[in-house]
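Hi,

Here's the structure I promised to pass on.

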Amino acid sequence: MKNFFKLLNFELNRVMKLLIILMGFTFIVQLVGVFVSKNNYLTQVEMLQQNDGSSVSQVLQTIGYFSFDRVVNSLFFIGPIMICVAAILFYVFLIWYRDWFGKNTFVYRLLMLPTERINLFFAKLTTIVLATLSLVGFQLIAIQIEMLVMRWTVPGEYVMEVTLRQLIEFNKILLLIVPNQFELFMSFYGAGILTVVILFTAILLERSYRLKGALIGGTFVVVANLLVILPLILNETIFHSFLYNGEVLLIILALGVIVLAGSIWLSKRLLDKKIRV
Amino acid sequence: MIEVKDIVKRFGRKTVLDQVSFTAEKGQITCLIGVNGMGKTTIMNAIMKLTPLQAGEILVDGEKVKKDTFEKIVFIPDATIMLPHFTIEMAMEFMKDFYQNWNQRRADDMLAFFKLNRKDKIASLSKGNTAKVNLLLGLAVDADYILMDEPFSGIDIFSREQIAEVFTSHLIEDRGVLITTHEIGDIEHLIDKVVLLNDGKIQKEFMTEDVRESEGKSVIDVLREVFVQ
């Protein structure tokens with residue numbers, strides 16, 4: 001266990017620079033988004049007031065209030081989130097492959113450490129999970145700061161206050177990264193962890209059997225994912241909704257646990273017996 | 001004792017190691033010799049479980065290699081295996097963190113002996129100094145067995161002399177060393193045992209002292225007989 005935490009600490013240090021860059025990038029671009037949305041809105045307000053001599057209430061009737069929702073729905077806000085998601089997905093592969101293909105073949109050192117090799121797997125997995133949660137947590141803090149900036153820069157009479165909860169409820173992407181119900185949170189992040197574990201196993205298959213392993217790994221990813229969503233597909237097609245949604249979810253959960261356990265078992269076996277430097 | 005028993009390794013259809021068996025004892029320097037591509041490095045990798053075998057087994061002190069074995073056997077490959085942005089000090093810290101058998105005093109001694117600067121980044125080191133750092137990180141673990149893959153490969157004469165000096169020092173004493181090298185001249189007088197590998201098989205295994213005494217031949221004489229024929 002001690003070695004797991006040492007490895008985790010080591011992996012977290014390695015990802016830290018990337019996380020700081022992503023957080024900085026997200027915050028700056030989203031802040032630019034606040035100013036662009038605000039400027040667009042205030043330009044419209046100015047035009048209405050100058051051209052038509054509209055009062056505040058007439059302006060509000062015509063173009064509505066300015067709420068943070070306008071910022072959230074812009075590419076300036078969604079774009080960085082998408083880039084962070086892509087970066088984490090990329091890092092799922094990088095976290096393994098750089099140990100083989102970096103300037104020095106660090107995987108030698110890692111595999112020769114006097115510790116269970118599966119600790120490498122769990123340390124890398126936990127790093128991905130913590131990196132994701134850190135980005136999500138940072139996003140929530142960034143939203144609060146961005147809302148504050150909005151309040152400072154847009155005259156109060158045009159601002160409609162929305163809470164973070166409302167923002168999340170009305171935005172599909174935010175709802176996906178911060179589900180507003182505990183069950184949804186567990187399902188989304190559970191599915192995410194399962195996906196990473198399946199991808200890790202596929203990577204280890206490739207690293208153990210090279211080209212042949214890449215084909216087996218690809219097949220493994222497809223089969224493992226299909227297996228998990230099979231109850232949903234069967235219930236919709238062959239069984240014509242014979243099972244309740246709750247029942248289908250339970251079966252999916254059970255299959256998810258089986259695939260997770262199987263995937264970890266296979267990864268341990270590959271790391272112990274089949275891996276090649 | 002490291003026991004390599006009937007190991008078979010194939011890469012695709014090519015058999016690189018065919019029923020290879022030999023032993024490397026504690027307190028002896030065993031040299032694995034063969035031309036390039038004969039599977040010397042593969043044997044080292046197999047001992048450290050860095051490549052799977054098709055058949056055979058490898059035992060260290062009568063046991064299969066498991067996580068605790070890595071405290072008593074270290075492998076010093078011919079390439080750098082530490083992160084390039086690490087300084088020598090960070091690399092030592094890393095090793096100290098994971099190895100119970102890490103001997104900091106010995107590491108400091110070697111640092112002074114090799115005249116290395118602990119603040120230097122690994123990526124900025126010359127080939128000779130990189131080899132010395134590799135050696136330092138391996139030898140500072142109080143391990144019973146040390147595997148070295150081509151420790152003299154591609155490095156300058158003065159570094160070679162310094163590294164060769166290590167073999168006669170207390171750093172190696174009482175340990176079991178398994179070494180592969182082309183530069184046999186550098187350490188010929190230090191080798192206790194030679195294992196000749198040819199075409200994936202053990203061609204000959206002999207104690208250097210015996211050959212010197214009974215046949216009056218040096219290691220190079222025997223190599224010439226085997227490989228030039």
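Below is what I found, starting with some housekeeping.

It's a predicted model, so local features need pLDDT of at least 70 and side-chain atom pairs count only at pLDDT 80 or more, while totals for chains, interfaces and linings use all residues. Residues are numbered from 1 along each chain as its sequence is written, with chains lettered from A and ligands numbered from 1 in the order in which they are written.

Chain B first. Helix 4 of chain B covers residues 127-139 (helices are DSSP runs of H or I, at least four residues, and strands are E, at least two, numbered from the N terminus). 11 of its 13 residues are buried, so helix 4 is largely enclosed by the rest of the structure. Buried here means 20 or more other C-beta atoms within 10 Å of the residue's own, with C-beta atoms placed from the backbone. Those buried residues pack against strand 6, helix 2, helix 3, strand 7 and helix 5 of chain B.

Strand 6 of chain B (73-76) is covered on both faces: Ile73(B) and Phe75(B) are buried on one side, Val74(B) and Ile76(B) on the other. Strand 6 runs parallel to strand 7 of chain B (145-149), joined by four bridges; DSSP has to find at least two for strands to pair. Ile76(B) sits opposite Met148(B) in strand 7.

As for the interface, 18 residues of chain A are in contact with 21 of chain B, contact being C-beta atoms, placed from the backbone, within 7 Å. Helix 5 of chain A gives the most to chain A's side, with three residues.

Cheers

Definitions and conventions: A residue is buried if 20 or more other C-beta atoms lie within 10 Å of its own, exposed if 12 or fewer, and partly exposed in between; C-beta atoms are placed from the backbone. Two residues are in contact if their C-beta atoms, placed from the backbone, lie within 7 Å. The expected span of a helix is 1.5 Å times one less than its number of residues.
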